[in-house]
Amino acid sequence: MYIRSLKKFIEYFGEGRKLKLLMFLFMSIVAGCFEFLGVALIYPFVILIISPEQIHSVPKLSNLPFFGSLSPVGIALFVGFCALTLFIIKNLYMIFFLYVQSKFIQNWTRDINNKFVQFYLYAPYKQMLKSSNSQKMYVITTLSAQATGGFLMRVMSFVTNFVIVVLVLSLILWKFPVAGVVSLVFITVCVIGINILFKKKVKDLG
């Protein structure tokens, strides 16, 4: 349903913006990868806390040329420096991404408002009588902003969060298969249960 609504929205109002939407889709995937890397660096820290000597068994770290000469404290400082650097880069990228995304959504909202204003100015008189002035004001001032800010922004956020969930679950299934399967089953049951219990109620309230 959401994909069909998104397709219709882009078909009606997305002229000249399809390439930019693909660019934002790619940027959302990159943002999700950055978020995942920040989460993935927790694993070496956990190993350092539980069993410092096992840190040498981490493949990506043990392949580094200077890794074998480092003490557990040195390794902890190295991993901490990597995490801090990644955290700074990730947040700078997210600031840039959110800024560009907000400007894109604002410009799109403005263009949609202009289209509705042009429609109301030049529509036949009988067509104008089908809606009240308050309805016209609602469409121009509120509805278009809800469609772009509430719908499109959530789609982009969904892409980022989906990438994070897929990568984190993949990491868990790779390192801890049993815990990963249990987590996947638990999440699936919760999502289905919430959807069954609350979907109709939320729809009625809406």
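Okay, housekeeping. The model is predicted, so local features need pLDDT of at least 70 and side-chain atom pairs count only at pLDDT 80 or more, while totals for chains, interfaces and linings use all residues. Residues are numbered from 1 along each chain as its sequence is written, and side-chain values use heavy atoms, with hydrogens and water left out.

Let's do confidence. pLDDT is the predictor's confidence in each residue, from 0 to 100. The chain averages 77, and 84% of the residues score at least 70.

On to the fold. We have eight helices and zero strands; helices here are DSSP runs (H or I, at least four residues; strands are E, at least two), numbered from the N terminus. Along the sequence, that reads α-α-α-α-α-α-α-α. Contact, for this talk, means heavy atoms within 4.5 Å. Take the contacts with a separation of 6 or more: 71% of them are between residues 24 or more positions apart.

Now burial. Buried is under 20% relative accessible area, exposed is over 50%, and partly exposed is in between (1.4 Å probe, protein chains only). Of the 206 residues, 26% count as buried. Accessible areas come from Shrake-Rupley with a 1.4 Å probe, and for residues only the protein chains shown count as cover. The chain's accessible surface comes to about 14,700 Å², with 73% of that belonging to carbon and sulfur atoms.

So what's inside? A nonpolar core means buried Ala, Val, Leu, Ile, Met, Phe, Trp, Tyr and Cys residues joined through side-chain atoms within 4.5 Å. The largest one has 18 residues, and Tyr 93, Phe 104 and Trp 108 have the most contacts inside it. Helices α1 (2–13), α2 (18–40), α5 (72–122) and α7 (133–175) each give two or more residues to this core, with α5 giving the most, at eight. Have a look at Trp 108: beyond its neighbours within four places in sequence, it is in contact with Phe 9, Phe 13, Gly 14, Arg 17, Leu 21 and Leu 152. Apart from that core lies another, of five residues, including Tyr 120 and Val 139.

A few individual residues, again skipping anything up to four places away in sequence. Leu 6, in α1, touches Phe 151, Leu 152 and Val 155. Leu 6 and Leu 152 are 146 residues apart in sequence, yet 8.1 Å apart C-alpha to C-alpha.

Gly 32 sits in α2. Is Gly 32 buried or exposed? Buried, because its relative accessibility is 0%. Gly 32 touches Thr 160, Val 163 and Ile 164, and its C-alpha is 4.6 Å from that of Thr 160, 128 residues away in sequence.

Gln 101, in α5, counts as buried because its relative accessibility is 2%. Gln 101 touches Phe 24, Met 153 and Met 156.

Leu 84, Phe 87, Ile 88, Leu 92 and Ile 95 make a nonpolar surface patch of about 530 Å². Patch residues have over 30% relative accessible area and no salt bridge, with nonpolar side chains (Val, Leu, Ile, Met, Phe, Trp, Tyr) joined within 5 Å and like charges within 9 Å. A salt bridge, in turn, is a side-chain nitrogen of Lys or Arg within 4 Å of a carboxyl oxygen of Asp or Glu. Ile 88 lies in α5 and is partly exposed, at 44%.
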